[in-house]
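Subject: Structure handover and notes

Hello,

Please find the structure below, followed by my notes on it.

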Amino acid sequence: MTGPQSNIVHVIGAGLAGSEAAWQVAKSGVPVVLHEMRPTRMTEAHRTDELAELVCSNSFRSDDAANNAVGLLHAEMRRLDSLIMRAADANQVPAGGALAVDRDGFSAAVTKALKDHPLIEIARGEVGGLPPADWSNVIIATGPLTSAPLADAIRELTDENALAFFDAIAPIVHRESIDMSVAWFQSRYDKVGPGGNGADYINCPMTKEQYDSFVAALMTGEKTEFKEWETNTPYFDGCLPIEVMAERGPETLRHGPMKPVGLTNPHDPATKAYAIVQLRQDNKLGTLYNIVGFQTKLKYGEQQRIFRTIPGLEKAEFARLGGLHRNTFLNSPKLLDTQLRLRAQKRLRFAGQMTGCEGYVESASVGLIAGLYAAADARGGMLVSPPGTTALGSLLGHITGGHIETIEPGTRSFQPMNVNFGLFPPLATVPTKKPDGTRLRGNEKTVAKKQALSARALADLDRWIADHLRIAAAA
């Protein structure tokens, strides 16, 4: 591809995020070089040299745009002419309400579209270390299997840990699903920390019998198994899975994340809890709370069964369940600006799972907006970010600043997440009545709220496209 480097966008990594980014740049009229190291250098997980190869599931999860946040993200991406969604729709296989694809057909469709585009050059070969200095507009979308030379270079540039490790993730619960007639707000010893008021944690008390049963369930619960290429990756220091801590002795958790000291239950002040589970606010909106110290490798079904035995969490709705896997991602709220650019070197923009999102669709959506940002930069402009009320905007908010940092030593507070309604700003008016005027009851309220959030998101996205995206494309 000829032309000055200042007019060319380089995309490193041709997974879902990189492929989508390259597509968005090219269809904006800007030339792009898409760098993919396969087949010159393969990863432990990939099997082919096709672009956007699906290495795990073939499911893009729910396609219900009215009631499910990931389905809403599907709809938003379709409105933005997503290549990933176009290829997924063209290669759909039966999966009920989910969008599942023929993985070979899907990858072949993405590969063909990118190869056929006149403004896209596909360069096979590894980009070792930081991109050349004359690449002024770069998107790095290398995912959790980022090659060691590039990961090392990013770590040195950012002074942050960006290498592979076993990332043990704690579950996150929707605040409104916690039973506050059992739980209560209080910080240990009523301590007021930075930004706090002395009542910053939700506390769930346990009796000795409940605690013993809980520990026994942790010990016997079915755990996930490591992939062969993950087996030699160490745990992240200070982030051991809760069941590993439990294996060290039945009282270990009572003297660790479940210690009951410095807390008094206002529902029953005279009774001292044997153990206490704490939840800490996880986003600035106050809609999500993570279970402190509960990083886990329990299987998802086991997590829901066992964690719902905790008093106050019997009806808990999980925005994200815990997990344990090899991962490579940035502490994005600190390192990236709102345009996904590295603060330390703004010619570098990041996309996909490296930024702190989970899931095929989420990764592709971040690649989509990164491509639009980069194309606007190449034309000498700057694209206004999508509204935080949209699925795409709420996910970007989590990545670039919606997460609350903690000051506790030895913890990694920012963690990857799937899109979910807990990331969305609350509605100005919560629905209380049906179209016929009768009052909403029980689960009808939850359904109506999700549908109102989805309707608001699509309306706001349409306005953003009309007001900003077409202007940017025409600039």
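A word on the annotation used first: UniProt positions are given in the numbering used here, feature names are shortened, and annotations may be inferred rather than shown by experiment. This is a predicted model, in which local features need pLDDT of at least 70 and side-chain atom pairs count only at pLDDT 80 or more, while totals for chains, interfaces and linings use all residues. Residues are numbered from 1 along each chain as its sequence is written, and side-chain values use heavy atoms, with hydrogens and water left out.

Overall

The protein chain has 12 helices and 17 strands; helices (H or I, at least four residues) and strands (E, at least two) are DSSP runs, numbered from the N terminus. Of its 475 residues, 55% count as buried. Buried means under 20% relative accessible area, exposed means over 50%, and partly exposed is in between (1.4 Å probe, protein chains only). Taking the contacts (heavy atoms within 4.5 Å) between residues at least 6 apart in sequence, 71% join residues at least 24 apart.

The annotated site

The UniProt entry, which is unreviewed, has a "binding site" annotation that covers Gly13, Ala14, Gly15, Leu16, Ala17 and Gly18. Within this stretch, Gly15 sits in the loop between strand 1 (9–12) and helix 1 (16–27). With a relative accessible area of 28%, Gly15 is partly exposed. Once neighbours within four places in sequence are set aside, Gly15 is in contact with Glu36 and Ala52.

Gly18 belongs to helix 1 and counts as buried, at 0% relative accessibility. Not counting residues up to four places away in sequence, Gly18 touches Val11, Gly13, Leu34 and Ala141.

Ala52, one of the contacts of Gly15, is found in the loop between strand 2 (32–36) and strand 3 (59–62). Its relative accessibility is 0%, so Ala52 counts as buried. The backbone of Ala52 is worth a look: its phi is near 55°, a positive value in a residue other than glycine. Most residues other than glycine have a negative phi.

Tyr189 also has a positive phi without being glycine, with a value near 60°. Tyr189 is placed in the loop between strand 10 (184–185) and strand 11 (201–206), and at 59% relative accessibility Tyr189 counts as exposed.

Helix 1 and helix 10

The axes of helix 1 and helix 10 come within 7 Å and cross at roughly 30°. Axes here are lines fitted to C-alpha atoms, for helices over the stretch in contact, and angles run from 0 to 180 degrees between N-to-C directions. The crossing of helix 1 with helix 10 is right-handed; a crossing is left-handed if the near helix is turned anticlockwise from the far one by less than a right angle, and right-handed if clockwise. On the helix 1 side the contact is made by Leu16, Ala17, Glu20, Ala21, Gln24 and Val25, and helix 10 contributes Tyr360, Ser363, Ala364, Gly367, Leu368, Gly371, Leu372, Ala374 and Ala375. By class, the contact of helix 1 with helix 10 has 10 nonpolar, four polar and one charged residues. In this scheme Ala, Val, Leu, Ile, Met, Phe, Trp, Tyr, Cys and Pro count as nonpolar, Asp, Glu, Lys and Arg as charged, and the others, Gly among them, as polar.

Gly367 lies in helix 10 (residues 360–378) and is buried, with a relative accessible area of 0%. Gly367 and Leu16 are 351 residues apart along the chain, and their C-alpha atoms are separated by 7.6 Å. Leaving aside neighbours within four places in sequence, Gly367 is in contact with Ala17, Glu20, Ala21, Ala351 and Gly352.

Helix 3 and helix 4

Helix 3 (residues 83–90) and helix 4 (residues 103–116) pack at an angle of about 135°, with axes 9 Å apart. The two helices are therefore oblique to each other; angles under 35 degrees count as roughly parallel, over 145 as roughly antiparallel, 65 to 115 as roughly perpendicular and the rest as oblique. The crossing of helix 3 and helix 4 is right-handed. Leu83, Ile84, Ala87 and Ala88 in helix 3 meet Phe106, Ala109, Val110, Ala113 and Leu114 in helix 4. By class, that contact has nine nonpolar, no polar and no charged residues.

Ala90, in helix 3, is exposed, with a relative accessible area of 62%. Ala90 and Asp102 are 12 residues apart in sequence and 9.4 Å apart in space, C-alpha to C-alpha.

Regards
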